[in-house]
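Hello,

Here is the model I promised to pass on to you. Please open it alongside this message, and my notes follow below.

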Amino acid sequence: MGQFDVAIAEVITICGTFSFAVSGAFAAMQKRLDVFGVLIIAFATSVGGGTLRDILLGDTPVFWLKSANYSLLILVTAIVAVIFWKRIKSLKITLFLFDSLGLGFFTVVGLQKGLAYDLSPGICVALGTVTGCFGGIIRDILLNNIPLIFRKEIYATACIVGGIVYLLLDYIGVDPTFVKVISVAVIFLIRIIAVKYNLTLPRMY
Amino acid sequence: MGQFDVAIAEVITICGTFSFAVSGAFAAMQKRLDVFGVLIIAFATSVGGGTLRDILLGDTPVFWLKSANYSLLILVTAIVAVIFWKRIKSLKITLFLFDSLGLGFFTVVGLQKGLAYDLSPGICVALGTVTGCFGGIIRDILLNNIPLIFRKEIYATACIVGGIVYLLLDYIGVDPTFVKVISVAVIFLIRIIAVKYNLTLPRMY
Amino acid sequence: MGQFDVAIAEVITICGTFSFAVSGAFAAMQKRLDVFGVLIIAFATSVGGGTLRDILLGDTPVFWLKSANYSLLILVTAIVAVIFWKRIKSLKITLFLFDSLGLGFFTVVGLQKGLAYDLSPGICVALGTVTGCFGGIIRDILLNNIPLIFRKEIYATACIVGGIVYLLLDYIGVDPTFVKVISVAVIFLIRIIAVKYNLTLPRMY
């Protein structure tokens, strides 16, 4: 990846790490875990997707081992979430909002990394989807919830659509930064609309 | 591995991928997941065992990232399963049959890959067993079922017996293709007989 | 790592493998699994933490693939546990004791391996904590229990405190063997005291 591309990937990873740290901390506090449980869930949700992606690609040691900055960001984010819990716990949409943001961020950076490894475009969409969804799956399994990905709302579909949008914009020559920003926005908006209007996929069988 | 060995491993992997895609799709449809949920479960069940095997061995990027054919096969298989759901959903044995087939296929190719990495024979049997069982474990955890491996029926034992048969036939010089076919058949038959006659292992404690 | 350091890490890994094999076998027998289920749980609990650690670091093929000794140790340990089940199953503290021992052993060897990979000290504490806790998490997820790490008692905190003690003793120049032994003891004692006196972390929110 070019140097600018690496910088963009880094910014998006930081945004995704922050978003999933908030959603993980919130979900843990809703389950009334102690402070360390909250930190652990925030951490697992934030690094889970990127860790799986890097393990599948063979990019080891994984990113959060190589730099302590990610763990510091998660720690600070979780602590701030704990401090502000009383003020925002009534905002039920918060977890969902930050989860949808993180979903968008991590799907895009996962797809981008797949392209950097010269994987076929369809596989890059799959890799981005796995990267985006896995953190939430870990969070839900550890908290003994049914993973969001299997509920009625559109979840992984948003990642796949966003990934296809990424490839299309990239193909027609849109500026790389806009490609990523638009793709993140598409995934986020699909989630927002799907939950707001209760859109579900048909079972079709 | 010799070139012919690689070709055989490839054919068995494709058979196993197909079998587990069917069993995963079926299990998901029994839980009435939407179409994407069915695809995701089919995918996770198919690639789970081989992915864990390759991660443990360090063979990355994992196989389904390097070639889009596996994902295409899973996608087509799952779609066909969805289309034919109404006609076969009364056949309760279908999931179990395809799961037992996939178990056999993936155990053998996992063992073979361990031998190619010069691991000790006993460890190769363990690696084959892990490869064979893990897809089903992922499927059951994601669908919130008690993993088949922990129910009363003989499951991992079939893999271990099949693995030992593999090593014995290989040792006495049977043709490599027959070694694999017979081992797959042994695992499959043990599962069939165990479920048909309700065979269980004694608790012994 | 120096040669003596490697030997110490090996001894601690063996102790941890044994301890977690006992705790895994016990937990499985409490759930009345068949003999193979007991072996599988004992195996997963023993190798789970070290396997995740080595995957995150990129040290593949993982340790239990490279040498059959670990699997042999787990097999023998689980068999002995099964044989002695009737005599010790009334000792409810046994599972907890061996789990706390394994927690200490694996946290220390995980931290040590991180230092050998030149990771920052804080990240080494995190890696040790992940290595120590993950075996128990796998055991609890497979047995459909709420992971110990999320219950009221102090669990991961013990690992983090032990890790910090390790770094401090190492910094002031204590003999490396004593650093490890004391750190293991600290983690073990924190667990003992926390459970005996029902110490819990405050929720703080």
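Let me begin with helix H8 of chain B, which runs over residues 156–171. In this predicted model, H8(B) has 16 residues and spans 23 Å from its first C-alpha to its last. That is close to the 22 Å expected at 1.5 Å a residue.

Just after H8(B) comes Gly173(B), which takes a positive phi of about 90 degrees.

Next, the contact between chain C and chain A. Here 24 residues of chain C are in contact with 26 residues of chain A. The two chains bury about 2100 Å² between them, and 75% of that is on carbon and sulfur atoms. Which residues of chain C lose the most area to chain A? They are Leu56(C), Phe150(C) and Tyr205(C), which together make up 37% of what that side buries.

On the side of chain C that touches chain A, H2, helix H7 (121–142) and helix H8 (156–171) of chain C each supply at least two residues. H7(C) gives the most to that side, with five residues.

Cys159(A), for one, is in no disulfide: the nearest cysteine sulfur belongs to Cys133(A) and is 3.8 Å away, whereas a disulfide needs the two sulfur atoms within 2.5 Å. Cys159(A) is also buried, with a relative accessible area of 0%. Cys124(B) is likewise in no disulfide, and the nearest cysteine sulfur, that of Cys159(B), is 15 Å away. Cys124(B) counts as buried because its relative accessible area is 0%, under the 20% cut-off.

In chain A, the peptide bond from Thr60(A) to Pro61(A) is cis, with omega near -5 degrees. Pro61(A) sits in the loop that joins helix H2 (35–57) to helix H3 (63–66) of chain A. In chain C, the peptide bond from Thr60(C) to Pro61(C) is cis, again with omega near -5 degrees. The loop between H2 and helix H3 (63–66) of chain C holds Pro61(C).

Positive phi values also turn up in residues other than glycine. Arg32(A) has phi near 60 degrees and is placed in the loop between helix H1 (3–30) and H2 of chain A. Asp118(C) has a positive phi of about 60 degrees although it is not a glycine. Where does Asp118(C) lie? It is in the loop between helix H6 (93–116) and H7 of chain C. Is Asp118(C) buried or exposed? At 72% relative accessibility, Asp118(C) counts as exposed, because the cut-off for that class is over 50%.

With best wishes

Technical notes: Residues numbered from 1 in each chain as written. Chains lettered and ligands numbered in written order. Predicted model: local features only at pLDDT ≥ 70, side-chain atom pairs only at ≥ 80, totals over all residues. Heavy atoms only, no water. Buried < 20%, exposed > 50% of the residue type's maximum accessible area, 1.4 Å probe, protein only. Helix = DSSP H or I, 4+ residues; strand = E, 2+ residues; numbered from the N terminus. Expected span 1.5 Å × (residues − 1). Contact = heavy atoms within 4.5 Å. Buried area = accessible area lost by both parts, 1.4 Å probe.
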